[in-house]
Amino acid sequence: MAGVRRAVAATSIALSIAVTSAIAANPTPWRNDPGPMTAAAPAQAPATGLSARAQSVLDRARAVQQRLDELASAPGSAATPSPPPPAAPAPAPAPPVAVTTAPPVTSSASS
Amino acid sequence: MLRRRFQAMGTDVELLLDVTASDPAEAALAAARREIERLEAGLSRFRPESELSRLNRDGAATLSPVLAQVVALALALRTRTAGLFDPSVGRAVRAAGYDRSFELLRDRDEAPGPGRPGGGGVVVATDGSITLAPEVELDLGGIAKGVAADRACALLASAGPALVNVGGDLAAGGPRRDVPWTVSLDTGAGALTLSLPYGGLATSGLDRRRWRRGGRWQHHVIDPRTGRPSRSDLLRATAVAPSAGEAEAMATALLVAGAGRGTALANGWSVPAVLVPRHGRAILAGGVA
């Protein structure tokens, strides 16, 4: 388990940096929601001796980071940073609804 | 009124088209059905070959534009609901035991797995590629039926006023000639009928899709804060929004929030809602007149 924790911590740091850098460099290509990627402690990712589970986590994290690096280094992303994206539009108003005594044409059961 | 019923996405689907029979109307009904089945094929967690399964398995994938939009919408709604709706709880749903199509679920003696809170990292690029943080899996079950209803309704609306009902998640493609669409809700103390001129209406509840693990009831609505099935004091929540996809996510968020906070959120978000507590009378909120 310690190997898993070290691997996750190390890759979390790398991912957090990559996400932050990518967004700072070029915010427009992202409709991103990186979510929390908390770094617990700095650690050197062990290259050997990992369990299959830890290795799987590490491989996946590397794939994530590779993709993030590709996006961050895409043409125009760092050299010519785009202007900040426009503010997200406010959600459209909900349609008006009212209680009625008219007969229903269908029903909404819980899904 | 033309009406078609069939099974898809693990539930009952109903297509209503308020026109007289014609070839264009039949073509629109057929196209709407194909669209729902296409989305099911792409978004199902239970089909190993689906785009969603591939994404969850590999941690990264380039999805078709429609499915990438569904993921982007789900993430936007996670933000809008302050995380009360969260598509990144796929592992939590599986840990609770919902690891196969619902009709195949059986009660089991083993205890459910540990909770897995939401908030997982998901990166969506404009080219449709999606990358998941380690240990994150997406479950789009809280929005897919609504989106399917929206897209099918858009196809139907080319032929006339339309309503699509995918397992209780409804999309209305415009008011009918004389009166709005009317939708019945079960409040536990009788039926309540709402008029819906257009847009989406969806109900999320804890009383459907239940099973037992280790002698304890489980259900499919995960509270992203705990990563376990919600222990809300609400039994069901119905929400109205501009689209069925949004309504479905909002209904889940209000259900997870519970009666007190859910009422305040519906009012604050101006989301018309009907909240049904486990005990007591239904609560109308968010501007339901």
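Trainee: How many helices and strands are there in chain A?
Mentor: Chain A has two helices and two strands. This is a predicted model, so keep that in mind throughout.

Trainee: What pattern does chain A follow along the sequence?
Mentor: Its order is α-α-β-β.

Trainee: And how much of chain A counts as buried?
Mentor: Chain A has 111 residues, and 28% of them count as buried.

Trainee: What about contacts in chain A, which share comes from residues 24 or more positions apart?
Mentor: Taking contacts with a separation of 6 or more, 86% are between residues 24 or more positions apart.

Trainee: Switching to chain B. How do strand 1 and strand 2 run, parallel or antiparallel?
Mentor: Antiparallel: strand 1 (residues 2-8) and strand 2 (residues 11-17) of chain B are joined by seven bridges. One pairing to look for is B:Phe6, whose bridge partner in strand 2 is B:Val13.

Trainee: What sits between the strands of that hairpin?
Mentor: Two residues separate strand 1 and strand 2 of chain B, and in this hairpin B:Met9 takes a positive phi near 55°.

Trainee: Which other strand is joined to strand 2 of chain B by five bridges?
Mentor: Strand 6 (residues 162-166) of chain B, again running antiparallel to strand 2. There, B:Leu17 stands opposite B:Ala162 of strand 6.

Trainee: What holds strands together in general?
Mentor: Strands of a sheet pair through backbone hydrogen bonds, and the pairing is either parallel or antiparallel.

Trainee: Back to chain B. What is the order of the three strands in the open sheet?
Mentor: The order is 3-5-4, with antiparallel pairing. Strand 3 (60-62) and strand 4 (122-124) of chain B are the edge strands, each pairing on one side only. Ignoring direction, neighbouring strands of this sheet are turned by 10° against each other on average.

Trainee: How many bridges join strand 4 to strand 5 in chain B?
Mentor: Three bridges link strand 4 with strand 5 (residues 129-132) of chain B. In that pair, B:Val122 stands opposite B:Leu132 of strand 5.

Trainee: Last topic, helices. Which strands does helix 2 of chain B lie across?
Mentor: Helix 2 (residues 51-58) lies across strand 3 and strand 5 of chain B, at about 145° to strand 3.

Trainee: And helix 3 of chain B, where does that lie?
Mentor: Helix 3 (residues 65-80) lies across strand 4 and strand 5 of chain B, running at about 130° to strand 4.

Methods
Residues are numbered from 1 along each chain as its sequence is written. Chains are lettered from A and ligands numbered from 1 in the order in which they are written. This is a predicted model: local features need pLDDT of at least 70, side-chain atom pairs count only at pLDDT 80 or more; totals for chains, interfaces and linings use all residues. Helices (H or I, at least four residues) and strands (E, at least two) are DSSP runs, numbered from the N terminus. A residue is buried if 20 or more other C-beta atoms lie within 10 Å of its own, exposed if 12 or fewer, and partly exposed in between; C-beta atoms are placed from the backbone. Two residues are in contact if their C-beta atoms, placed from the backbone, lie within 7 Å. Two strands pair if DSSP finds at least two bridges between them. Axes are lines fitted to C-alpha atoms, for helices over the stretch in contact, and angles run from 0 to 180 degrees between N-to-C directions.
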